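Hi,

Here's the structure I said I'd pass along.

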Amino acid sequence: MIAMITEIKPRQAAKPWLLISWSLLVFGFLYLPILVLVAISFNDSPILSLPFRGVTLDWYLQAWQDKTLQRALWNSLSVAASATLLATALGLLAAFACCRYRFWGKNSLRIALNLPILLPGIVTGIAMLAYFSDLNWDLSLQTVVLGHVVFGLPVAFGTIYSRLRQFPDSLAEAAADLGAAPIQVFADVIWPYIRSAVISAALLAFTLSFDEVVVTIFLTGRDNTLPMEIWGRLRTRITPEIAAVATLVLLASGVIVLASQWIANRGEAEG
Amino acid sequence: MMDSPDSLVYLDGVSKLYATPQGLLPAVRQVTLDVRAGEFYSLLGSSGSGKTTTLRLIGGFEIPDSGRVMLGGEDVTQLPPHRRNLHTVFQNYALFPHLNVAQNIAYPLKIAQLPSAEIKLRVEAALEMFRITGLGERRPAQLSGGQQQRVALARALIGRPKVLLLDEPLSALDAKIREEVRQELRELQRQTNLTFIYVTHDQEEALALSDRVAVMQQGRVEQVGSPREIYDCPASLFVAQFIGKANFLTGRVLQTDPLTVMVQNLPIRASAMGYQPQLDETVTLMIRPEQLQIAESQPDAAPTAVQAATQAAAQLSVNQLSGRVIGDTYVGQLLQVQIETALGRLTATVLGKASLSSEVNLTWLVSACTVIPPALATMPSP
């Protein structure tokens with residue numbers, strides 16, 4: 001018996017270099033193109049490619065002063081903000097209904113709410129385009145907002161729903177028992193419990209909306225969002241200015257996603 | 001039914017159905033209860049007996065399907081919990097995790113919009129009263145079970161409700177501190193003179209704490225009475241079995257005055273205190289183990305004239321039976337003895353010793369031999 005046990009080697013003894021190099025390969029495949037893009041944005045060369053010729057911040061300066069890009073950034077921010085607000089508010093209400101009430105067709109509603117996240121953007125885009133033209137609505141940034149709500153809502157709903165489901169009913173009952181009216185129960189007990197999930201849901205919805213292209217292509221009017229503008233420029237005049245903008249977008253998205261994860265984790269730890 | 005004048009909480013034929021995969025099932029059926037002001041009232045029953053649902057109906061967390069809930073003479077059947085002047089100590093305490101101890105206790109006062117100076121004073125007094133001074137800044141997660149329980153009690157009492165509802169408040173505590181907290185609860189109730197409605201599945205707890213106990217089973221109230229009434233004169237076989245240990249003998253009534261029951265081929269005299277049976281009726285008799293006296297029989301010693309006379313006199317109020325000791329269990333201080341008799345196996349609780357296989361004489365007072373009322377065969381279902 002003892003001999004047999006000593007023959008079993010601990011996992012650490014497996015060849016670590018194999019694991020490390022394989023991991024590097026996978027991560028390299030995933031992230032190297034992004035690193036190249038970041039490098040190009042600092043490259044002192046007017047074409048969108050390597051080799052590296054020296055460090056400059058010119059492309060960032062140009063991007064900052066570009067009126068079209070400024071306009072597009074503003075459009076993107078306002079679309080993302082509106083879509084986030086709508087999606088989060090609707091998601092919160094839907095999650096609340098599904099968690100705290102019993103009603104006919106609840107499971108179907110839950111599935112229907114999650115479905116849009118599985119739909120390819122191109123399907124959502126075409127469907128909504130057809131729908132809006134049937135309604136004789138002019139395409140504009142407002143229609144883009146509605147398109148973004150379609151995939152923002154499931155994200156918000158899912159995040160808030162899974163948190164709200166963990167909420168112990170006895171806490172709401174205790175608050176009511178001690179004299180709190182339903183609205184106070186929500187403000188004093190339920191909201192503190194789900195706040196972090198709501199914020200994290202909003203940040204996710206914002207990020208998704210901010211760099212969305214496919215649905216936006218179908219639903220936008222004359223105004224361009226930032227990803228659309230970048231896409232448009234790539235086809236005509238390719239400059240490192242684009243790389244600079246992309247790097248900034250990457251940075252902002254990264255910060256937001258990390259922040260949303262951090263807030264969600266902190267909320268779970270507290271609850 | 002009439003609302004008795006000094007009743008504070010009154011349930012009038014209350015029923016509650018629950019939706020289950022098997023269809024609608026009654027959780028509480030036609031329950032009528034009447035809790036007086038200042039009373040320590042327990043709802044006792046096993047799980048599924050409807051005791052917690054009954055408490056939730058009083059608290060307003062459930063609305064009955066039929067019947068009325070009265071609180072202080074006012075019909076509160078449709079009132080939501082926050083409009084009822086009673087507070088609850090929940091089984092898991094339900095302390096707000098994001099608030100510290102002082103904020104938890106202050107919550108009902110904050111809701112009532114009391115001036116913050118008064119809130120501060122009253123919270124401090126409560127912390128002191130429940131011996132948790134110094135824990136005010138802590139979060140509930142940082143407290144022991146016993147401390148959490150005190151915070152829950154303080155929070156429920158600080159708003160000075162008319163009635164305190166307690167849902168198995170001791171079940172989450174270690175056995176050792178449970179007894180300690182039990183004493184404190186009883187003292188607290190006496191000091192404050194508040195009405196406590198206490199849900200428990202622990203019959204010992206209910207007997208030790210309560211002024212009155214309602215024993216529940218399958219959504220119905222089987223019996224309401226003082227702990228002594230319930231123990232000595234159970235209203236049904238279920239109550240007799242649920243509360244404490246008991247020996248049961250079944251037989252037919254041979255004679256009604258004095259009440260004599262033929263158990264197998266032995267006439268046993270019984271007390272008709274709780275229930276007056278008819279001639280020839282089949283009844284169940286209950287004898288508590290501590291009411292059985294045992295003595296080693298001495299077959300060779302012939303009774304003297306005086307002894308015989310005493311025995312004859314005693315026989316009017318005492319039953320006798322012989323048996324053999326077949327087992328014993330030491331339960332600290334007392335000994336539980338199993339005795340094989342002509343009427344089956346009986347259990348006696350005695351101080352002292354009993355040697356295995358010894359022949360013994362069993363005696364018990366006629367007054368300690370209670371007739372259990374038969375189950376009511378036809379109860380109207382709600």
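The contact between the two chains draws 20 residues from chain B and 17 residues from chain A. Bear in mind that this is a predicted model. Together chain B and chain A bury about 1,700 Å², with 62% of that on carbon and sulfur atoms. On the chain B side, H82(B), Y107(B) and I111(B) stand out: they supply 32% of the area that chain B buries against chain A, more than any other three residues.

As for charges, there is one salt bridge between chain B and chain A. It pairs R56(B) with E173(A), and the closest N and O atoms are 2.6 Å apart. Strand 6 (86-89), helix 2 (101-111) and helix 4 (145-157) of chain B each put at least two residues into the side that touches chain A. Sorted by class, that side of chain B has 13 nonpolar, five polar and two charged residues.

Nine residues of domain 1 of chain A are in contact with nine residues of domain 2 of chain A, and the two domains bury about 670 Å² between them, 81% of it on carbon and sulfur atoms. The side of domain 1 that touches domain 2 has seven nonpolar, two polar and no charged residues. The salt bridge count between these domains is zero, and one residue pair is in polar contact across their interface.

Cheers

Definitions and conventions:
Residues numbered from 1 in each chain as written. Chains lettered and ligands numbered in written order. Predicted model: local features only at pLDDT ≥ 70, side-chain atom pairs only at ≥ 80, totals over all residues. Heavy atoms only, no water. Contact = heavy atoms within 4.5 Å. Buried area = accessible area lost by both parts, 1.4 Å probe. Salt bridge = Lys/Arg side-chain N within 4 Å of Asp/Glu carboxyl O. Polar contact = N/O pair within 3.5 Å; in protein donor to acceptor, adjacent residues only side chain to side chain. Nonpolar A, V, L, I, M, F, W, Y, C, P; charged D, E, K, R; others polar. Helix = DSSP H or I, 4+ residues; strand = E, 2+ residues; numbered from the N terminus.
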